[in-house]
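Please open the structure in your viewer and keep the selection tool at hand. The tour below goes from stop to stop, saying what to select and what is there.

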Amino acid sequence: MQLRSPKRSIQAFIMNSNLRLIILCLAITVYGCLLVYSASHGYGYGFSGASTHIIAAAIGFIATLFISQIDYDDICALWPIWAGLSLLLVLLTFTPLGLNASGTDDTAWLGIGSLTFQPSELMKIAFIITFSVHLSSVQEKIRNFKTVLFLGLHAMIPIGLVFLQGDDGTAIVFIMIFLSMLFAAGVNLLYYVIGLTGICAAVPILWSVMSEDKKARILCILPPYVEKYLQTAGWQQYEGLKAIGSGQLAGTGYLNTTNGSLFARNNDLIFAVAGEEFGFIGTMILLILLTLLLFELFRCAIHARDPLGTYLCVGMLALIGFQSIINLGMNLRLLPVIGITLPFFSAGGSSVATLYLGISLVLSVSFSQSTRRRKALL
């Protein structure tokens with residue numbers, strides 16, 4: 001792996017880097033850190049409660065600017081290392097080293113001194129890398145059943161592991177990344193029809209083996225059962241909606257929270273904090289920033305110089321897009337609470353750091369496309 005020469009790096013960075021994506025990430029980082037600090041302040045912790053996220057976001061953003069200068073071909077060539085490292089860390093959660101973080105019902109964390117790390121976050125990025133390499137290597141045979149079968153087996157490794165951890169939400173995110181990247185590769189849509197049919201047929205079986213707690217999370221968002229579960233499974237979503245509604249147009253003001261009983265306000269329900277303190281205006285700014293980010297990732301995908309670059313961008317587009325949709329659905333009581341955070345905004349050092357690792361891959365794809373286009377014009 002070779003970095004570009006230091007003498008030309010600054011000039012090349014200015015001329016060829018995707019400044020739109022960098023500026024968007026910077027704006028999102030600042031807004032996210034403000035929300036996480038406010039949420040921690042609402043719990044009475046102040047900076048100490050938000051320090052991990054803020055420091056990780058700052059380091060992640062700065063590191064992204066450097067990593068993006070490494071050609072993504074070189075990064076992807078080391079896929080066995082990324083796959084092995086992430087796999088090892090996830091497997092360690094099944095040992096006595098695995099931790100159950102406060103407020104969760106899955107053992108998906110590792111302890112590092114006083115800090116905790118969620119290996120599945122790193123595995124998302126590792127999967128995007130390895131699956132992109134896999135797809136690009138079988139591009140000519142993508143409509144072959146055997147090819148699709150092996151691609152499915154590839155995806156079942158991370159999906160199965162996080163499911164065994166008890167983290168159903170993350171498993172769903174992996175599935176959506178997998179399906180999105182397959183679609184971008186041009187897989188026969190018949191496989192989607194078959195898969196959807198199988199899922200529909202399995203719903204009664206899944207419901208019969210589902211725990212009462214998970215059933216309650218689903219039922220509490222359905223109109224006939226809202227009142228029944230309002231004081232139990234539906235309480236936090238109800239409190240989140242109250243917080244969002246209390247913000248009205250311009251919000252109650254920064255650090256001026258009125259709903260101290262809102263649990264998970266710093267992660268799963270961070271959108272409710274934006275709605276309460278910054279009102280409709282603040283939530284629209286948040287949504288606009290995320291939408292612009294997704295459009296930029298899509299633009300990078302369609303302008304990538306090769307399929308490998310396209311798949312990397314599509315993987316990050318799916319990760320951020322579907323996590324955002326699920327989290328916003330949770331906050332608005334349109335989807336059940338399944339422990340999915342809002343990318344870049346929800347508190348979590350391991351989450352924001354690995355997201356920036358993924359963004360650095362997209363920036364590398366964009367940088368490479370720009371430099372090669374310039375060379376072709378010379």
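How many salt bridges does the count come to? The count comes to eleven salt bridges, where a salt bridge is a side-chain nitrogen of Lys or Arg within 4 Å of a carboxyl oxygen of Asp or Glu.

Some ground rules come before the stops. This is a predicted model, in which local features need pLDDT of at least 70 and side-chain atom pairs count only at pLDDT 80 or more, while totals for chains, interfaces and linings use all residues. Residues are numbered from 1 along each chain as its sequence is written, and side-chain values use heavy atoms, with hydrogens and water left out.

Colour the chain by pLDDT, the predictor's confidence in each residue on a scale from 0 to 100. The mean for the chain is 89, and 90% of its residues reach 70 or more. Next select residues 374-378, where the pLDDT is below 50 and where the model has two contacts (heavy atoms within 4.5 Å) beyond near neighbours in sequence.

Now select D213 and R217, whose side chains meet in a salt bridge at 3.3 Å, N to O. Both lie in helix 10 (residues 212-219), four residues apart, about one turn of the helix; helices here are DSSP runs of H or I with at least four residues, numbered from the N terminus. Side chains of opposite charge can pair when their charged atoms come close.

Move on to helix 5 (residues 79-92) and helix 6 (residues 119-137). They pack at an angle of about 150 degrees with their axes 9 Å apart, the axes being lines fitted to C-alpha atoms over the stretch in contact and the angles running from 0 to 180 degrees between N-to-C directions. Helix 5 and helix 6 are therefore roughly antiparallel, a term for angles over 145 degrees, whereas those under 35 count as roughly parallel. Residues making the contact include W79, W82 and L85 of helix 5 and M123, I129 and V133 of helix 6. By class, this contact has 13 nonpolar, three polar and no charged residues, where Ala, Val, Leu, Ile, Met, Phe, Trp, Tyr, Cys and Pro count as nonpolar, Asp, Glu, Lys and Arg as charged, and the others, Gly among them, as polar.

Finally, select helix 11 (residues 235-246) and helix 12 (residues 270-302), whose axes come within 6 Å and cross at roughly 30 degrees.

Note on methods
Helices (H or I, at least four residues) and strands (E, at least two) are DSSP runs, numbered from the N terminus. Angles under 35 degrees count as roughly parallel, over 145 as roughly antiparallel, 65 to 115 as roughly perpendicular and the rest as oblique.
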